[in-house]
Amino acid sequence: MLRPVAIHCVVSTLLSLWALCNAQSDSSPPVIQLRLVGEKRKHYEGRLEVFYNGEWGTVCDDDFSISAAHVACRELGFLDAQSWLPSAKYGKGEGRIWLDNVHCTGGEKSLAQCHSNGLGVSDCKHSEDVGVMCNQKRIAGFKFIRNQANSEETFPVQVEDVRLRATYSQRKRVPITEGFLEVKDGGKWRQICNEDWTEQNSKVICGMYGFPGEKPFNARPYKSLAKRRKKNYWGSSVNCTGNEADLSECNMGRDIVLKGNSTCEKGMPVVVSCVPGRAFAPSVNAGYSKAYRVEQPLVRLRGGALIGEGRVEVLKNGVWGTVCDDNWNIRAATVVCRELGFGSAKEALTGARLGQGSGSVHMNEVECSGFEKSLTECSFNREALGCNHEEDAAVRCNVPAMGFNNRLRLNGGRNPFEGRVEVLGGRNGSMVWGTVCSDSWGTMEAMVVCRQLGLGFASNAFQETWYWQGDVSADAVVMSGVRCSGTELTLDQCLHHGKHVLCPKGGGRFSAGVSCTQMAPDLVLSAQAVEQTTYLEDRPMYMLQCAHEEHCLSSSADTADPTSYRRLLRFSSQIHNNGQADFRPRAAHHSWVWHECHRHYHSMEVFTHYDLLTLNGTKVAEGHKASFCLEDTHCDEGIQKRYACANFGAQGITVGCWDTYRHDIDCQWIDITDLKPGDYIFQVVINPNFEVAESDYTNNIMKCRSRYDGQRIWTYNCIIGGSRSSETEETFPGLHDNQLSRR
């Protein structure tokens, strides 16, 4: 029989043990779930939210650090963090602010292990919600677990990777448009049971792979193939609405009970089949392509370095204009991408990231549901007109894997962005690497090479590459006579000699080469300035000696009486740089040409062409302008001038600045002394020989209607190339493609 004292000791011991255990359980960190949500985001960035006690809440930015961001990103399955953003940069959250004054060392397994005020203890507002941007790479073998958020409908899909696994018969097709869908989870590739799969889910997958939509497929061969294969199903279904830009934005569906090969008894592994856009579909027979006229698009991309990216422009009343970035998001960007035959959007870019447009801003505060066939079907604010071109919206779209860069390479350069161009071509019945003949090689051809390799714009085209040691086995020329318009996706789409290569100089050190750049300038002439400053002047020949010496007068001036007069059509040209990089002459200081008569250097011998044409396009008078002084005359507010010609200074035009050649300087004219009265087209072309690479050449040309009665001249209806619909521009032949002899 136990004594009272002994009983008391046993009870005291049990109470102590219970208290100790309770204290230990209190000290273990609470189990939380994290997610990234918010506005204008990619799947690896967003407002950081915490799921605890059955409720999603946010994290305050007070004392938050990159170490805390690393912990959060690793908890979400990413390698680490790139950065973190305070002050609700991804929008304000709702509900509780679960964490405040978070202090992490960076080694914690969960954000809950970091020191903080305690869950739910905060003096913050949602204007202080923190956001994080994680490394895009996933942790290999990371196992995504839905713990507390199992019952939550908004739990997003989290997997390491996604792929379309084509059947043997489909693997040689380019692009691959159909196959079994597999997700990588826990380091292993797994199939998804198709019992709950929808067309909306397929549409999202197709968008990720660069295709605008999904299509039906023949399920019979896939069923027989699935029966023979060992299957490894994923433990969840997927629930997409169809307007998500990525699978990671879809929600998890119901849990799938895993039972080996009999897991999906009523179905089979998911198969996805996609429709490629026009530019990526197998080409139709050339004889049929001219039988119909391609419909005028309502939306286009301009200024992008790569396929499927650019500033968004829309057509309204026959005039192209830009879209303001207010409320611009991934959903609206995806509508644009799919409309143009690409997949969903990778990025919705704001702040004129891909260069500024010109003309009107046609749309502002665009709101899309994601299911529209065209951006023009989305709602927008017709009253809000306070935008300028510094707020032009742009997109980067998912494009199909075409393997373009497998047939082309750069060799011998100092970095991956330059080198001798080598192509995979046929020689003696086999495919070998060889060079490209440099005869007629220029900026347009280099542009296509850089785009095909995904390296951006061309900054230079080289006709000799002796200073780049390429692969000796690839010295032989396998491609010659290359002529590109600049819109081709690959070099072999350009005009070139067929099997019979012709290259007198040969390959080796005379091979074609390029250097590429991610950003380029974009020169645009002000049509308004030309219209407002055009006038006639009769000037005596003796005052035009220097201009005559620089070939600024028509050929009849060669035999003109020194006491005679020349009739000059004078005007000012105001040239803006709306691109992403400064416009610089290709020639360095030491190779500029000194002109003694005018006592100045020419950094570009032909900077602009001035011409008068008949209404059917025949040239009747001409002028040209060397860039004797290319400088920043004026700049937008807040931009510093960088280029000035004085004292043999650096020449160029800074982004956001413009150079004005005034009407009263030499050669700023067309000599119309021999012109008969009538109606004409007045044309100005900047950078006519494509000597300097630009992001958009269509806007380098301006055409006006002009009427001359023998005494006076009227200039009106000035149009910048590419600014009007194709129907409007038919009255100005060549306005789209800058129809000029380039070499």
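Reader: Which residue is the bridge partner of H634 in β35?

Author: In this predicted model, H634 has W658 in β35 as its bridge partner. Strands of a sheet pair through backbone hydrogen bonds, either parallel or antiparallel. Here β34 and β35 (residues 657–661) run antiparallel and are joined by 2 bridges. Two strands count as paired if DSSP finds at least two bridges between them. Strands are DSSP runs of E with at least two residues, helices are runs of H or I with at least four, and both are numbered from the N terminus.

Reader: How should I read the numbers and values?

Author: Residues are numbered from 1 along each chain as its sequence is written, and side-chain values use heavy atoms, with hydrogens and water left out. As this is a predicted model, local features need pLDDT of at least 70 and side-chain atom pairs count only at pLDDT 80 or more, while totals for chains, interfaces and linings use all residues.

Reader: In what order do the 4 strands of the open sheet with β34 stand?

Author: The order is β26-β29-β35-β34, with antiparallel pairing. β26 (523–525) and β34 (634–635) are the edge strands, and each pairs on one side only.

Reader: Which strands form the open sheet of 3 strands?

Author: That sheet has the order β27-β28-β36, and its pairing is antiparallel. Its edge strands, β27 (535–540) and β36 (669–671), each pair on one side only. On average, neighbouring strands of this sheet are turned by 35° against each other, direction ignored. For such angles, axes are lines fitted to C-alpha atoms (for helices over the stretch in contact), and angles run from 0 to 180 degrees between N-to-C directions. Strand β28 (residues 565–570) pairs with β36 over 3 bridges, and L569 stands opposite I670 in β36.

Reader: Why is helix α3 described as largely enclosed by the rest of the structure?

Author: Buried means under 20% relative accessible area, exposed over 50%, and partly exposed in between (1.4 Å probe, protein chains only). In α3 (residues 199–208), 8 of the 10 residues are buried, so the helix is largely enclosed by the rest of the structure. Among these buried residues are K203, V204, I205 and C206. Contact means heavy atoms within 4.5 Å. The elements against which the buried residues of α3 pack include β7 (161–165), β8 (178–185) and α6 (330–339). After α3 comes G210, whose phi is positive, near 90°.

Reader: Is A305 buried or exposed?

Author: A305 counts as buried, at 5% relative accessibility. This residue is in the loop between β14 (299–302) and β15 (309–316). A305 and L455 are 150 residues apart in sequence, yet 7.9 Å apart in space, C-alpha to C-alpha. Beyond its neighbours within four places in sequence, A305 is in contact with R451, G456, F457 and Q518.

Reader: How many cavities are there of 30 Å³ or more?

Author: Rolling a probe the size of a water molecule over the atoms shows where empty space is left. On a 1 Å grid over the protein atoms alone, a cavity is a set of points where a 1.4 Å probe fits but cannot get out, and lining residues have an atom within 4 Å of a point. Grid points are joined across faces, edges and corners, and a volume is the space filled by probe spheres set on the points. The count is 1 cavity of 30 Å³ or more. The largest cavity has a volume of about 130 Å³. Its lining has 12 residues, of which L36, H43, P156, Q158 and S248 lie nearest the centre.

Conventions: 1 Å grid on protein atoms, 1.4 Å probe; cavity = no way out; pocket = protein on both sides within 12 Å on 5 of 7 lines; lining within 4 Å.
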